[in-house]
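Visitor: I am new to this structure. Please show it to me, and then let me ask about it piece by piece.

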Amino acid sequence: MNLFSNTFSTLENALNYSSTRQKVITNNIANVDTPNYKAQDVSFKNVLQDSIDSIKTNRTDPRHFDLSDDSTDSNVTITQNNGSYNNNGNSVDIDNEMSNLASNQIYYDSLIELEKGKLSSLLNVVKGGQ
């Protein structure tokens, strides 16, 4: 019996994605003046594929979709080699990184609020609505 109907695990995965993205963005900001540093980002597609790969599937009929694709790359960070914003070969755009940082923080905060709401509802049920 699944008590939480996958809501908590979905929120946990989203929080892990946001946390990983936060680390990558802050690493980019920290290396804004490092010569030849190439900015990195977290690939949502790779994170999603890793989540799909973790699902255990069993084909009971040949007409079912085969979800067991073993040809995926588990690396979730990608290096952006598409240009240089400084004369030293660095590809970090500080304005873009600060915008991404703020956006990711809002996303993380909203996930925390959802988690708090789910836990509050669960606590209300445990207390019997009192």
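This is a predicted model: local features need pLDDT of at least 70, side-chain atom pairs count only at pLDDT 80 or more; totals for chains, interfaces and linings use all residues.

Visitor: In which helix does S110 lie?
Guide: Helices here are DSSP runs of H or I with at least four residues, strands are runs of E with at least two, and both are numbered from the N terminus. By that count, S110 lies in helix α3.

Visitor: Is S110 buried, exposed or partly exposed?
Guide: Buried means under 20% relative accessible area, exposed means over 50%, and partly exposed is in between, with a 1.4 Å probe and protein chains only. S110 has 34% relative accessibility, so it counts as partly exposed.

Visitor: How far is the C-alpha atom of S110 from that of L15?
Guide: Along the chain, S110 and L15 are 95 residues apart.

Visitor: In what order do the elements of the chain run?
Guide: The chain has three helices and two strands. Read from the N terminus on, the order is α-β-α-β-α.

Visitor: How are α1 and α3 oriented to each other?
Guide: Helix α1 covers residues 7-30 and helix α3 covers residues 94-127. They pack at about 155 degrees, with axes 9 Å apart; the axes are lines fitted to C-alpha atoms, for helices over the stretch in contact, and angles run from 0 to 180 degrees between N-to-C directions. Angles under 35 degrees count as roughly parallel, over 145 as roughly antiparallel, 65 to 115 as roughly perpendicular and the rest as oblique. The relation of α1 and α3 is therefore roughly antiparallel.

Visitor: Which residue classes make up the contact of α1 with α3?
Guide: Ala, Val, Leu, Ile, Met, Phe, Trp, Tyr, Cys and Pro count as nonpolar, Asp, Glu, Lys and Arg as charged, and the others, Gly among them, as polar. On that basis, the contact has four charged, eight polar and 16 nonpolar residues.

Visitor: How are the rings of Y17 and Y107 arranged?
Guide: Rings of Phe, Tyr and Trp (its six-membered ring) pair if their centres lie within 6.5 Å; planes under 30 degrees apart count as stacked, over 60 as edge-to-face and the rest as tilted. The structure holds one such aromatic pair. It links Y17 in helix α1 to Y107 in helix α3, 90 residues apart. The centres of the Y17 and Y107 rings are 6.4 Å apart and the planes stand at 80 degrees, so the pair is edge-to-face.

Visitor: With which side chain does N104 make a polar contact?
Guide: N104 is in helix α3, and it is buried, with a relative accessible area of 2%. A polar contact is a pair of N or O atoms within 3.5 Å; within protein, one must be able to donate a hydrogen and the other to accept it, and residues adjacent in sequence count only if both atoms are side-chain atoms. At 2.9 Å, the side chain of N104 contacts that of Q22.

Visitor: Which backbone oxygen does the side chain of N90 reach?
Guide: N90 sits in the loop between β2 (77-79) and α3. N90 is buried, at 0% relative accessibility. At 2.8 Å, its side chain reaches the backbone oxygen of N31.

Key:
Residues are numbered from 1 along each chain as its sequence is written. Side-chain values use heavy atoms; hydrogens and water are left out.
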